[in-house]
Amino acid sequence: FNILNDRTVNEKLTFKKFIIKDNRIESYFDREYKTNMIKSPDHYIFLSALVNLQKMIYLLMCNKLDFPSDLNDKERLKIWPISVDVKMNGLIRKKSNLMQDFEIDSLEKISPTKYHISGRSSSESTVLIKGTALVYLV
């Protein structure tokens, strides 16, 4: 993806492990970054942090709802962000053993198949994300 035509930016995350405890999940991963942009430093893209956050919320909610948390299994949940606040205190240049976490601040059951959550995420204490989302059982 990129805002300019014919100038690609790719980032691949290779996940090592996820650790879930109570209302918190941590993901550990390596990353590869490739671009043909001029003066674009190798860094963890904030959009990758948002996609990883959605995966972490999925795994954490599967755990909380006693669903299997196999990412190769059938889809059990839909995560629909309502509000997202991203703050970047710099670029993350690290390539291996990165850590991004997410902690639920509030979890409310709205109906038998719908939850409202709010929480916060940090990637290497540099990319900070706060937000709310709806979680639907499918």
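**Note on a predicted model: core and selected residues**

1. The side chains of Ser27 and Asn52 make a polar contact at 3.0 Å; a polar contact is a pair of N or O atoms within 3.5 Å, where within protein one must be able to donate a hydrogen and the other to accept it, and residues adjacent in sequence count only if both atoms are side-chain atoms. Ser27 sits in strand β2. Strands (E, at least two residues) and helices (H or I, at least four) are DSSP runs, numbered from the N terminus.

2. This is a predicted model, in which local features need pLDDT of at least 70 and side-chain atom pairs count only at pLDDT 80 or more, while totals for chains, interfaces and linings use all residues. Residues are numbered from 1 along each chain as its sequence is written, and side-chain values use heavy atoms, with hydrogens and water left out.

3. Ser27 counts as buried because its relative accessibility is 0%; buried means under 20% relative accessible area, exposed over 50%, and partly exposed in between (1.4 Å probe, protein chains only). Beyond its neighbours within four places in sequence, Ser27 is in contact with Phe15, Lys17, Phe18, Asn52, Met56, Leu98, Met99 and Gln100. Contact here means heavy atoms within 4.5 Å.

4. Glu11 belongs to strand β1 (residues 9-21). At 17% relative accessibility, this residue also counts as buried. Its side chain makes a polar contact with the side chain of Ser48 (2.6 Å), and a polar atom of that Glu11 side chain lies 3.0 Å from the backbone nitrogen of Ile45. Not counting residues up to four places away in sequence, Glu11 touches Arg31, Glu32, Tyr33, His43, Tyr44, Ile45 and Ser48.

5. The largest nonpolar core has 25 residues. Such a core is a set of buried Ala, Val, Leu, Ile, Met, Phe, Trp, Tyr and Cys residues joined through side-chain atoms within 4.5 Å. Tyr44, Ile57, Met61, Phe102, Ile117 and Val135 touch the most other members. Two or more residues come from each of β2 (24-35), α1 (46-64), β3 (77-88), β4 (98-111), β5 (114-123) and β6 (127-137). Helix α1 gives the most, with 9 residues.

6. What does Ile117 touch, not counting residues up to four places away in sequence? The list is Ile57, Met61, Phe102, Ser106, Leu107, Gly131, Thr132, Ala133 and Val135.

7. Leu128 is in strand β6 and counts as partly exposed, because its relative accessibility is 33%. Its C-alpha atom is separated by 5.8 Å from that of Val86, 42 residues apart along the chain. Leaving out residues up to four places away in sequence, Leu128 touches Asp85, Val86, Lys87, Asn89, Ser121 and Ser122.
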